[in-house]
Amino acid sequence: MPRHFTPPHPVAPGAIAVGHLGDLDAASRLAVVALRLWCDRGAAGVAHVLGPDGDARAVEVFGALCACCVAAARRPLMRHGAGCPCLGADEAVFAAFLQVAAEGERGDALMMAFALLRPEAAAEGVARAQQAGLMLRRIVLRTGASCPQGGRLH
């Protein structure tokens with residue numbers, strides 16, 4: 001009979017590390033770090049990561065997206081700590097969701113929204129993701145921003 005490895009502590013499916021922040025493009029990395037900070041510190045955390053050039057409208061739009069994702073989540077959104085270099089499964093879907101929505105691929109974005117959100121909130125989530133994704137791209141293009149990846153803890 002084959003032996004199976006069981007990790008000492010079960011990991012929630014959405015928290016499983018699927019990559020590293022460094023593997024993402026700047027806008028996607030910014031989205032994940034901003035999500036982590038919004039969950040930890042709200043709008044003040046997002047304003048911090050968007051830097052001095054991050055305008056209040058971008059903070060508001062990103063905060064509205066995060067609030068929608070938390071309030072209408074199919075299950076709790078799993079994330080890693082603010083300084084963790086890992087990319088969790090839910091974080092990867094969130095980053096891809098913003099990227100696809102910002103590219104105007106509404107059908108694909110809607111499919112991703114169904115993975116994250118309850119069906120009745122999916123269309124609103126896509127609209128918010130499109131706005132937030134475009135604003136994050138604008139900030140990256142305008143400032144050449146890149147997010148810190150320091151820290152080793154989850």
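Start on the surface: select Val11, Ile16 and Val18, which form a nonpolar patch with about 250 Å² of accessible area together. Patch members have over 30% relative accessible area and no salt bridge, and nonpolar side chains (Val, Leu, Ile, Met, Phe, Trp, Tyr) are joined within 5 Å; areas come from the Shrake-Rupley method with a 1.4 Å probe, with only the protein chains shown as cover.

A word on the model: it is predicted, so local features need pLDDT of at least 70 and side-chain atom pairs pLDDT 80 or more, while totals for chains, interfaces and linings use all residues. Residues are numbered from 1 along each chain as its sequence is written, and side-chain values use heavy atoms, leaving out hydrogens and water.

Next, the salt bridges (a side-chain nitrogen of Lys or Arg within 4 Å of a carboxyl oxygen of Asp or Glu); the count comes to seven. Select Glu60 and Arg57, whose side chains meet at 3.1 Å, N to O. They sit three residues apart in helix H3 (residues 56-71), about one helical turn; helices are DSSP runs of H or I, at least four residues, and strands are runs of E, at least two, numbered from the N terminus.

Now pick Asp90 and Arg75, a salt bridge at 2.8 Å, N to O. Asp90 lies in helix H4 and Arg75 in the loop between H3 and strand E2 (86-88), so the pair ties together parts 15 residues apart in sequence. Which of the two is buried or partly exposed? Asp90 is buried at 6% relative accessibility, while Arg75 is partly exposed at 34% (buried means under 20%, exposed over 50%, partly exposed in between; 1.4 Å probe, protein chains only).

Technical notes: Patch = residues over 30% accessible without salt bridge, like charges linked within 9 Å, V, L, I, M, F, W, Y side chains within 5 Å.
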